[in-house]
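Subject: Structure handover and findings

Hello,

Here is the structure I promised to pass on. My notes follow below it.

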Amino acid sequence: MDKLVITKSPPLSGSVTISGAKNAALPLLISSLLADSTCSFSNVPALRDISTTLLLLKDFGAKVNQVDKNHVEIDASNLSSVTASYELVSTMRASILVLGPLLAKHGKANVSLPGGCAIGARPVDLHLAGLEKMGAKIEVDEGYIRAEVDGRLKGARIFMDVVSVGATENLMMAASLADGETILENAAREPEIVDLANCLNSMGANVSGAGTDHIKITGVKSLKGCNYSVLPDRIETGTFLVAAAVSGGRIRCEKADPSTLDAVLSKLEQAGANITLGDDWIELDMQGKSPKAVNLRTVPHPGFPTDMQAQFMTLNAVAQGAGVITETIFENRFMHVPELKRMGAEIELEGNSALSKGGSKLRGAQVMATDLRASASLVIAGLVADGETTVNRIYHLDRGYEAIEHKLSALGANIKRVKEKQA
Ligand SMILES: CC(=O)N[C@H]1[C@@H](OP(=O)(O)OP(=O)(O)OC[C@H]2O[C@@H](n3ccc(=O)[nH]c3=O)[C@H](O)[C@@H]2O)O[C@H](CO)[C@@H](O)[C@@H]1O
Ligand SMILES: C=C(OP(=O)(O)O)C(=O)O
């Protein structure tokens, strides 16, 4: 597997163009399963999870035309299969999102239980309970979810006792082609939900309230194709901003969406960053200073995102002062902590909180990337560590960051990819 080799770098400086959001693009591409004609998506990030999704759609018999690196057309009007196999689904959590659309349009779906980042148990009970409430019969057998509905799904009032991005997306897509009205209560409010609702509406759906915890979907008989541009990636944006802050640098993120990053920008300001915003850009300037530690707690949007927790762990490790980070979304999302400690970070874990002493002088080391954002935190650590850091097993990083080593190099980082030698 490829690895990244990073040596201590100067403060990051310059401009970086932000890609489309992985977590918006995945449900958007999958929503093409609902349409009767071609869906055209631009600003699609060139990522491993995107290739996996396209393979999955092709496996169902959809026609996929990769117009260029970031533009894809999908015609899923005629499918030959409604089975999502273990081989593809096991590598990517978001594949569970095909369940609702397949069931709504074709009345049947067999989907392997999903993989993705191993950051907790990640059950899918809310997805299944919601679809059952809409009339689906579901059983889990030999690792596969087998779902069927007699006729069409029926609109329902669905209350989710945990806020779930994926369940909200799955049920919103299913409800778009159901008979009657569906209300999703305690729905997730992430920007990616709003992006999906906008896309569904451009296909002829009737979704309102996305971005609040009460979403109303009035089912329609059919949906047409669309032309849709994916939302900028707020987590990629946040990752570059934290990298710049940790390095004491000054960068500008172009083609970003500042309105999706309130909680992250507020923490960066507390860390001492000077932040300037435009409509589609964000500038961060540390004015040569090193960051101050922050306290934070991960919560559903609009609170601080769990997908930015690991990057701030690195910031707190090297920052001035002590800081406490509490993870409330996933029960096993501190796997970067032992790796950061191997680099000299002074962090203690107490339950779901990580207490960092701050001021750690990091040293380069061989470290292992264990999940997507953990990998990003190790890359950031490598930029400021003395000597050389090798981030091994960057499979997850490639799932979620487009050309990260090229983007960081252009900002002055000393980073290179070492390709695995083919046996
Ligand atoms: C592809 C994608 O968009 N991934 C994002 C999505 O993941 P994903 O959609 O998987 O995350 P969820 O929002 O569903 O998970 C939030 C919490 O709900 C729990 N839960 C979820 C579903 C369910 O049926 N039952 C249940 O208990 C989970 O275990 C977790 O504790 O949102 C997460 C939370 O913002 C992000 O970290 C991921 O990057
Ligand atoms: C956890 C993440 O991804 P996934 O849900 O695809 O595993 C992530 O994007 O940080």
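Three helices each put at least two residues into the shell around ligand 1: H1 (22-31), H5 (125-133) and H6 (165-176). Please keep in mind that the model is predicted. In total, 22 residues surround ligand 1. The closest are Asn23, Leu126, Ser164, Val165 and Gly166. By class, the shell holds 12 nonpolar, six polar and four charged residues. Both domains take part: domain 1 (2-19 + 232-419) and domain 2 (22-229) each give at least three residues to the shell.

In the contact, domain 1 contributes 18 residues and domain 2 contributes 16. On the domain 1 side, helix H13 (residues 395-400) gives the most, with four residues. That side of domain 1 has eight charged, six polar and four nonpolar residues.

Next, helix H4 (residues 99-106). Is H4 enclosed or open? Seven of its eight residues are buried, so the rest of the structure largely encloses H4. The buried residues are Leu99, Gly100, Pro101, Leu102, Leu103, Ala104 and Lys105. Note that Lys105 is in that buried set. What do these residues pack against? Their partners are H1, strand S7 (108-112), H5, strand S9 (144-148) and H6. Gly107 follows H4 and has a positive phi, near 75 degrees.

**Strands S7, S8 and S9**

S9 pairs with S7 in the antiparallel sense, over five bridges. In that pairing, Lys108 stands opposite Glu148 in S9. S9 is also joined to strand S8 (residues 137-141) by five bridges, and S8 and S9 run antiparallel. Here Val140 stands opposite Ile145 in S9. S8 and S9 make a hairpin with two residues between them. In the turn, Glu142 has a positive phi of about 50 degrees.

Ile145 and Ala147 form the covered face. Tyr144, Arg146 and Glu148 form the uncovered one.

**Sheet S10-S11-S13-S12**

This is an open sheet of four strands, in the order S10-S11-S13-S12, with mixed pairing. Why do S10 and S12 each have a side without a neighbour in the sheet? Strand S10 (157-159) and strand S12 (206-208) stand at the edges with a single partner strand each, so one side of each is left without a neighbour. From one strand to the next, the twist averages 15 degrees. Strand S11 (residues 181-185) and strand S13 (residues 214-218) pair antiparallel over five bridges. Thr182 has Ile217 in S13 as its bridge partner.

**Sheet S2-S15-S17-S16**

Another open sheet of four strands has the order S2-S15-S17-S16, again with mixed pairing. Strand S2 (13-17) and strand S16 (274-277) are the edge strands, and each pairs on one side only. The twist averages 15 degrees from strand to strand. S2 and strand S15 (residues 250-254) run parallel and are joined by five bridges. Ser13 has Arg250 in S15 as its bridge partner. Helix H8 (residues 234-247) lies across S2, S15 and strand S17 (281-285). H8 runs at about 170 degrees to S15.

**The end of the chain**

Last, Lys419. This residue is found in the segment after strand S24 (414-418). Is Lys419 buried or exposed? Lys419 has 8 C-beta neighbours inside 10 Å, so Lys419 counts as exposed; the cut-off for exposed is 12 or fewer. Where is Asp2 relative to Lys419? The two are 417 residues apart along the chain, yet their C-alpha atoms are separated by 4.7 Å.

Best wishes

How values were computed
Residues numbered from 1 in each chain as written. Chains lettered and ligands numbered in written order. Predicted model: local features only at pLDDT ≥ 70, side-chain atom pairs only at ≥ 80, totals over all residues. Pairing = 2+ DSSP bridges. Axes fitted to C-alpha atoms, helices over the stretch in contact; angles between N-to-C directions. Near = placed C-beta within 6 Å. Nonpolar A, V, L, I, M, F, W, Y, C, P; charged D, E, K, R; others polar. Domains from an automatic or database assignment. Contact = placed C-beta atoms within 7 Å. Buried ≥ 20, exposed ≤ 12 C-beta atoms within 10 Å, placed from the backbone.
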